[in-house]
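Let's walk through this model together, one residue neighbourhood at a time. Have the viewer open and follow along.

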Amino acid sequence: MIETNTVFILGAGANIPYGYPSGAALRNAIIVNNIDHYRTIVKDLPHAFTTLFQNFEDFRRTFKNSSTPSIDLFLARNHHYRDIGKFVILANLLTSEGISKFREESHIPEQDWYSFLFNQMTKTLTDPEDFRNFGNNKVTFITFNYDRSLEFFLLQSLANSFQAAHEDEIIAEVNKIDIHHVYGRLPDLTHESDNGLPYALARTAEHKLSYSSFIENAERIKVIYDRQNGEYEDVLSKISEAKRVFFLGFGFAEENIERLKLDEIISYKQQIYGTAYGLFDSEISGIRRTLQTNYQPMQRNVHTNTNKMTVENTDCLTLLRKYL
């Protein structure tokens with residue numbers, strides 16, 4: 001089990017090993033996929049060709065020619081595309097969910113950090129009834145991703161690790177793990193609500209969403225101008241109270257640093273670790289400078305261990321194996 005109060009802050013890079021896109025890959029998918037792609041996802045789209053989709057090609061062409069790296073930023077600048085933008089984000093992420101794979105079948109199995117983390121959370125749970133301690137792991141996940149893969153993975157892994165346990169008991173334990181989606185999430189899973197939808201629903205025609213369901217669930221996604229100041233107080237307290245903070249696949253975008261007030265709430269009393277996969281040394285130094293704004297002792301006679309902040313050009317699994 002993980003007994004040290006630990007927060008994991010997840011960005012898009014954390015889920016790439018399981019088939020989910022980076023910000024750049026999502027942009028590419030939105031640009032490449034034409035209206036026929038969405039007809040294969042939404043079962044009654046041909047009968048719902050409304051005003052929303054009359055402007056689809058204009059939206060796609062404008063986003064492409066804008067050279068804007070993220071759909072989120074593009075929608076912040078162009079509010080009139082809000083509805084169609086949320087629709088295509090939801091559709092493309094559900095497509096990614098449909099092809100997602102875990103464990104040995106992961107898209108990048110050598111970077112499968114989900115399995116490593118689950119093992120760290122359960123390796124001392126050796127008896128059939130020990131599943132009841134799973135929820136006692138002192139972990140919190142704060143994710144900037146919309147997908148449901150982490151919740152699904154934890155539930156499936158725990159259920160198959162303790163097969164004698166009743167399903168409701170497994171669900172109760174997994175629900176004890178704090179998972180906060182900063183910018184909203186895809187629809188509830190079947191175990192989360194009466195109207196929940198199964199994971200990887202895009203794999204089966206009978207579970208495809210109706211057009212009206214798509215529009216309803218798209219509202220669960222928050223883009224920049226949907227987000228309100230002050231709505232993340234619980235998340236901020238989780239970060240400030242943690243002994244260890246791991247940034248996994250987190251791009252350290254300025255807006256996300258500001259949203260979580262990372263330059264204000266991280267303190268020298270914490271151990272900070274982060275992936276900076278594919279970044280240059282100068283870029284990593286810039287990240288450290290940003291995070292170290294409030295990372296100094298208030299008193300000069302307090303010694304600061306500079307090794308308590310580690311940002312490395314490495315993947316999520318390697319970072320966790322070295323420092324968790």
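In this predicted model, R185 touches Y146, D147, R148, E151, E192 and R220, leaving aside residues up to four places away in sequence. You will find R185 in the loop between β3 (178–181) and α10 (211–218). Is R185 buried or exposed? Its relative accessibility is 9%, and because buried means under 20%, R185 counts as buried. The side chain of R185 makes a polar contact of 3.2 Å with the side chain of E151, one of the residues R185 touches. The R185 side chain also reaches the backbone oxygen of P187, at 3.3 Å.

Now let's turn to the aromatic rings. A pair of such rings is described by the distance between the centres and the angle between the planes. How many aromatic pairs does the model have? The count comes to 26. Take Y18 and F102: their ring centres are 5.5 Å apart and their planes stand at 35°, so the pair is tilted. Y18 belongs to the loop between β1 (6–10) and α1 (23–32), while F102 belongs to the loop between α6 (82–99) and α7, so the pair ties together parts that lie 84 residues apart in sequence. Both residues are buried, Y18 with a relative accessible area of 0% and F102 with 8%.

A second pair to select is F144 with F250. Here the ring centres are 5.2 Å apart and the planes are at 55°, so this pair is tilted as well. The pair links distant parts of the chain, 106 residues apart: F144 is in the loop between β2 (139–143) and α8 (149–161), and F250 is in the loop between β4 (244–248) and α12 (254–259). F144 counts as buried at 9% relative accessibility, and F250 counts as buried at 4%.

Elsewhere, a charged residue meets a ring: R27 lies over the face of F63, at 4.9 Å from the ring centre.

Finally, a friendly word on confidence. The chain has a mean pLDDT of 86, with 87% of its residues at 70 or more. Confidence is highest in helix α7 (residues 113–122), at a mean of 98, and lowest in helix α3 (residues 51–54), at 64. Over residues 298–306 pLDDT stays under 50, and the model has six contacts beyond four places in sequence for them.

Note on methods
Residues numbered from 1 in each chain as written. Predicted model: local features only at pLDDT ≥ 70, side-chain atom pairs only at ≥ 80, totals over all residues. Heavy atoms only, no water. pLDDT = per-residue confidence, 0-100. Helix = DSSP H or I, 4+ residues; strand = E, 2+ residues; numbered from the N terminus. Contact = heavy atoms within 4.5 Å. Buried < 20%, exposed > 50% of the residue type's maximum accessible area, 1.4 Å probe, protein only. Polar contact = N/O pair within 3.5 Å; in protein donor to acceptor, adjacent residues only side chain to side chain. Phe/Tyr/Trp six-rings, centres within 6.5 Å; stacked < 30°, edge-to-face > 60°. Lys NZ or Arg CZ within 6 Å of the ring centre and 35° of its normal.
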